Amino acid sequence: MKDRVYNQILEHVIRLLSERYPIEMIAGCLMVIAQRLYKTHLSAKDYKKIMKVASEIEIQPYDVKKGTLH
């Protein structure tokens with residue numbers, strides 16, 4: 001189920017990128033949505049923990065040279 005949701009959201013992001021929306025705009029919107037979901041469903045303590053982990057985690061960029069984002 002997790003892969004299904006991820007793939008659906010990724011497909012929508014790719015569609016928005018193909019419509020020439022700026023990457024920063026799309027990424028910013030996704031970050032705000034994620035943070036609001038966490039803030040809505042987690043305690044203040046757990047929200048702070050997850051934001052700390054998110055700021056420290058090593059993220060690999062997409063290989064856009066392959067023509068896709070995954």
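Predicted model: local features only at pLDDT ≥ 70, side-chain atom pairs only at ≥ 80, totals over all residues.
## Helix 1 and its length

The expected span of a helix is 1.5 Å times one less than its number of residues. Helix 1 is made of 17 residues, and from its first C-alpha to its last it reaches 24 Å, close to the 24 Å expected at 1.5 Å a residue.

What comes with a positive phi after helix 1? That's Arg 20, with phi near 75°. Most residues other than glycine have a negative phi. Arg 20 isn't a glycine, yet its phi is a positive value.

As for where to find it, Arg 20 sits in the loop between helix 1 and helix 2. Is Arg 20 buried or exposed? Its relative accessible area is 72%, and the cut-off for exposed is over 50%, so Arg 20 is exposed.

## The largest pocket

Now for some empty space. Rolling a probe the size of a water molecule over the atoms shows where such space is left. The largest pocket here comes out at a volume of about 1,300 Å³.

In total, 28 residues line the largest pocket. Nearest its centre you'll find Tyr 6, Leu 30, Met 31, Ala 34 and Tyr 62. Sorted by class, the lining has 25 nonpolar residues, two polar ones and one charged one.

How many salt bridges does the model have? The count comes to one salt bridge. Side chains of opposite charge can pair when their charged atoms come close. Here the partners are Glu 56 and Lys 52, whose side chains meet at 2.4 Å, N to O.

Why is this pair separated by about one helical turn? Glu 56 and Lys 52 are four residues apart in helix 3, so about one helical turn lies between them. An α-helix has 3.6 residues a turn, so residues three or four places apart point the same way.

The two partners fall into separate accessibility classes. Glu 56 has 53% relative accessibility and counts as exposed, because the cut-off is over 50%. Lys 52 has 49% relative accessibility, so it counts as partly exposed.

At 58% relative accessibility, Ala 44 counts as exposed. The C-alpha atoms of Ala 44 and Ile 9 are separated by 27 Å, and these two residues are 35 residues apart along the chain.

Ile 50 is another residue of helix 3. Its relative accessibility is 27%, so Ile 50 counts as partly exposed. Which residues does Ile 50 touch, not counting those up to four places away in sequence? Ile 50 touches Tyr 38 and Leu 42. The C-alpha atoms of Ile 50 and Gln 35 are separated by 9.5 Å, with the two residues 15 residues apart along the chain.

Conventions
Residues numbered from 1 in each chain as written. Heavy atoms only, no water. 1 Å grid on protein atoms, 1.4 Å probe; cavity = no way out; pocket = protein on both sides within 12 Å on 5 of 7 lines; lining within 4 Å. Points joined across faces, edges and corners; volume = space filled by probe spheres on them. Nonpolar A, V, L, I, M, F, W, Y, C, P; charged D, E, K, R; others polar. Helix = DSSP H or I, 4+ residues; strand = E, 2+ residues; numbered from the N terminus. Buried < 20%, exposed > 50% of the residue type's maximum accessible area, 1.4 Å probe, protein only. Salt bridge = Lys/Arg side-chain N within 4 Å of Asp/Glu carboxyl O. Contact = heavy atoms within 4.5 Å.
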